[in-house]
Amino acid sequence: MINTIYSIARSALQNAQVSLANVSSNIANADTEGYQRTTTNYSTNSSITIYGLSVGTGASVTSITAEWDSYVEAQYLDSSAELNRQNAALKYADQLDSLWDQDEDSGLAVTLNAFWNAWNDLITDPTSSSAREALLGAAETLAYSLSEAAEELETMTQTIDTEIAANVDDANDLIDSIAKANASIAANPDDTTAISERDQMIRDLNEIIGVDVLEQEDGTVTILTEEGYTLVDGSSTHHLAYAEARSTESLLRDSSYEGSLRFSGSSSEEILIEFVSAGADGAAQYKVSLDGGATWLTDGNGDTMLYTADGEDNAVTIEGVTIWFDGSAGEHAVGDRYTVVAKSGLYWEGGDGSLVNITPMTGAGGDEVSGRTTGGTLAGLFLVRDDVVVPTLDSLNDLTETLIWEVNSLHSQGAGLEADTSMVGTYSVDDSGAALSNCGLAYGDRIVSGSLELVLYDADGAVTTTALIDIEPSDSLQDVVDAINSNAALGGGLTASINADGRLVLDAADGTTFEIVSDSSNILAALGLNTFFDGSDADTIAVRDSIAADTSGINAGALGDDYLLASGNNEVAAGIVALADSEVRIGSGSSAAASSLGDYLAAMVSTIGSAASAYETEAETASVCAEYYYNQQASTAEVNVDEELVDLTRYQQAYQAAAKMIEVSKEMMQTVLDMI
Amino acid sequence: MRVSTSQIFSASLSQINSALYDVTRLNLMNSSQKKINTPSDDPAGMASVISLRDYSSSLDRYTDNCTVAGNYLSEADSVLSQISETVTSILELAEQGSTGTYTSDQLQMMAEEMEGYLETLMSLANSTFGDDYLFGGDELDSSAFSMGLGVSVTGDGLTSSASFLSVSGSIDSAVMVRFTEDGTVGTDALDYEYSLDGGETWTGATLASGTSTLDLGSCQVELAAGIAVNAAGDDEEGTEFLVRDAVYYEGSGKAMSVTISDGVSVDMTSVGSAIFGGLDSTGTAYSGANLFEAVAKCLACMEVGDADGVAACLDGISAGQERMLAGASSVGAREVKVTSFESSLSVISEVATNSISSLEDADATQILVELEQANYIYEAVLSSASDIMQMSLLDYL
């Protein structure tokens, strides 16, 4: 019997030691992130019968369990993924927000107004050289501001891309680690430390890409993305991939097409094309969707827009991406589909080596397309890149393209302070034999059928002759050169040629000078002759070299009815200043707008502000939710040092009591021995 | 509800952060005195502010143009009033000379005074504002009028000024020219004579056949080939004309216009030929009332002692004066237009500035009060957080 007491006391002592060790471990881990506090569970041992009585045999520690609420955890994972998505987007939206702030002293709106003001000074004093120098300064500042803004946006896009790649790598590492943890937990289901480490890794993975967790019976977990793609299943894994622009095809079985789709350019939209009529290249037509097939692009009347599939010569440009087919044989069937993802995207690696596109996508109404990633940092980064940063860059480029075109088309019909002996274009053609509308000119599609009028002067500045050259958009540059050189009125006083870079050159004969009278075909602005700006988007905008070198080349006025420039003529300057308030066509395709340049810029800034403000509000809401669930989980699972100190005291006393029991049984034994 | 130790610390931290964020935000608004510091503060408001600033900037441009145009027009206005005084003097002198009570010597002395008036008129019409000529249309750099030679037909025969192709050279005073035999210019050899002293002495010359330029000593007159001429005597029948001073208009036919408001522009300079007349570059007189031509004709008649000729010019000078006054009132009307636009622009500009301010500026008093409150809250949070963080069971064990 004494032995029973002795063994009970001994096991009580051991139990107390285990409990004390557990408490110490909890206290030491009070600040460890993701640590799940453990509690020891006692159960009473079975009783034995002594002297006809049932006597208990003490207690033993049956298990050490971690306190963890998996239901609260699932809710926390959802809101944490949402919070991380909003925070990731907010980080960059905030940067854009501060960069694009327009106050009264600085910003693009101010430099644009300074540019109009400088032209306005030329209205009242067209020949003033100081006003011209001031205009040159204002124009160079404007060009610099626009290209700086574009560069910042491009750098931001690259930074986002780098962060996406790093996050994808981190996610893949976590996926592998979770799989390993699964394997070791399957081998040892009671390893609470391993389980809490795995749970922490799941939280980390969830922050990157929102996940759902399914617990299996053997203690392992299956991790799926919120859209249902398996990432970890036991110890097998599927990785995420961050891939460059690509196109995929899904042809029907009875489609006999053997060629492939080619594309160039980039866009923040995913372009889905589906064939609506069968046929070979040049005949078959297709419709286009930008939201995965939910809605199809329509023209102004509401009818679905159809494009003809054709070779490179008749390539179609949709949303900034040029698409053509290089098929040799075969015909498309109705229902053949292609997806052109002209941007880097997020993919899920299926087991067979295929890549499934899970890049976040926003539909036309602003809601998310199903089947694509919606939670986590990755979703936020893609969304801010594709819905805010890249569209802002596109809008900036559209704005600059229109600014350059409108100023140039007015300026090219004016005359500078001195008549010219030669003019060189600033834009080059790729093929001088191809039609001007399709030969590589940035503004080639703006040439219309019209005529160019030139005037020649002799050495004293008197008018010798005028000539009219007819231009059609289907003419090639070589045709224009030939028309000028064979023009009877010019009679060799002016010769045209194409230089080695593919630019048009006009040369006057010795002793002759010339000027532009008018141009109703837009060819001068398209080829870059007599223009003010060079370049065609925000990266390339610059003041023409010839004007930067000599401001007398700035055309403030135009030739009068007598083909001479009056010193007070300010038509071009007045026209350019009027641009500030007039509505122009900016952009093309689904983002075309008719508005003044200043209002377009205001709308851009407002869009950035709304996006930043929306992300901020959503982040705050998500933060409240996430914090609530975090606190719920924390109150179950985290260590309260005071509580552990109470337990410490308790188990210490239990230890002391157990030690006392041993002392008592020892004395009892001694008493018995003393009796002998 | 159970609270873990790290929850206590992280909750305190987040509360401190959020109170501090409020303080910082209000400080920023206080230092910039603006409600909208970034577009996300008020996206629609920011767009309105940018548009209003663009509008305000275009109003400033219009105002600048108004100021410049107003300066040019008021200078033209004061020049025209000086011109008006000169024309009144011319009329008085011409009336005197037309009475027929003066001898030709006296008329020639009056002619010198008239010549002075004509030169004054021309130099006033060539007035500048800075370096820009006011009456040359949009030719600002070169003078609007210059002195040259013209022709007045006094006898029968040549009636159209298209008969005279060009006049070159210089004269001291009007030259009388008449043909002394009939014939056709360019075909026949023709005798003619000219007088440099008002008809007292005549110099004879012959126009060779096949030529059509008359040599008059210091000047030459080219006639159109194929016109018929008749002999003239002292009875004023036959082909007879005067070569005299004339004022040529060198400017352009279009005034320089500047935009002073949306879709509204005003002519900043004036087309001199529409106000003062004169001859165009081909030597043809401008149609309608022509002040310079009337005065020049009158001068020539005085120089040759022709009082009846002077009387015939009076109507022309009066008509020219009326046209000049109409031009002056057009300048005045433009000045009034510019002034009224300028004042309405300044009113609109102020309204725009106020609109911008109401959208953008923060209420200073409200911000200060909110800032005080945020500071107080922040201090309270700091104090309570530090109390909680220090409490621990260890103090009591």
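**Core, sheets and a covered helix**

Let me begin with the largest nonpolar core, which has 192 residues, and within which Trp100(A) and Phe276(B) touch the most other members. The largest share of this core, 21 residues, is contributed by helix α4 of chain A, residues 129–187. Please keep in mind throughout that what we are looking at is a predicted model. As general background, nonpolar side chains in soluble globular proteins tend to be buried together.

If we leave aside the neighbours within four places in sequence, what does Trp100(A) contact? Its contacts in chain A include Leu108(A), Ala149(A), Leu153(A), Thr392(A) and Ile608(A), and Pro39(B) is also among the residues in contact with Trp100(A).

Staying with chain A, we come to an open sheet of three strands, in the order β9-β18-β19, with antiparallel pairing. The edges are taken by β9(A), residues 240–243, and β19(A), residues 355–357, and because each has a single partner strand, one side of each is left without a neighbour in the sheet. On average, and ignoring direction, neighbouring strands in this sheet are turned by 40° against each other. Three bridges hold the antiparallel pair of β18(A), residues 345–349, and β19(A), and here Glu349(A) stands opposite Leu355(A).

Now let us turn to chain B and to strand β5(B), residues 175–179, where five of the five residues are buried, so that the strand is largely enclosed by the rest of the structure. Which residues of β5(B) point one way, and which the other? Val175(B), Val177(B) and Phe179(B) point one way, while Met176(B) and Arg178(B) point the other way. This follows the general rule that side chains in a regular strand alternate between the two faces of the sheet.

Strand β5(B) runs antiparallel to β12(B), residues 240–249, to which four bridges join it, and Val177(B) stands opposite Phe241(B) there. There is also an antiparallel pairing over four bridges between β5(B) and β7(B), residues 190–195, in which Phe179(B) faces Tyr192(B) as its opposite residue.

Finally, consider helix α5(B), residues 291–303, whose 13 residues should span 18 Å at 1.5 Å a residue, which agrees with the 18 Å between its end C-alpha atoms. This helix is mostly covered, with 12 of its 13 residues buried, and the elements covering those buried residues include α2, α3, β3, β12, α4 and α6 of chain B. Just after α5(B), Gly305(B) takes a positive phi of about 80°.

Methods:
Residues are numbered from 1 along each chain as its sequence is written. Chains are lettered from A and ligands numbered from 1 in the order in which they are written. This is a predicted model: local features need pLDDT of at least 70, side-chain atom pairs count only at pLDDT 80 or more; totals for chains, interfaces and linings use all residues. Side-chain values use heavy atoms; hydrogens and water are left out. Buried means under 20% relative accessible area, exposed over 50%, partly exposed in between (1.4 Å probe, protein chains only). Helices (H or I, at least four residues) and strands (E, at least two) are DSSP runs, numbered from the N terminus. Two strands pair if DSSP finds at least two bridges between them. The expected span of a helix is 1.5 Å times one less than its number of residues. Contact means heavy atoms within 4.5 Å. A nonpolar core is a set of buried Ala, Val, Leu, Ile, Met, Phe, Trp, Tyr and Cys residues joined through side-chain atoms within 4.5 Å. Axes are lines fitted to C-alpha atoms, for helices over the stretch in contact, and angles run from 0 to 180 degrees between N-to-C directions.
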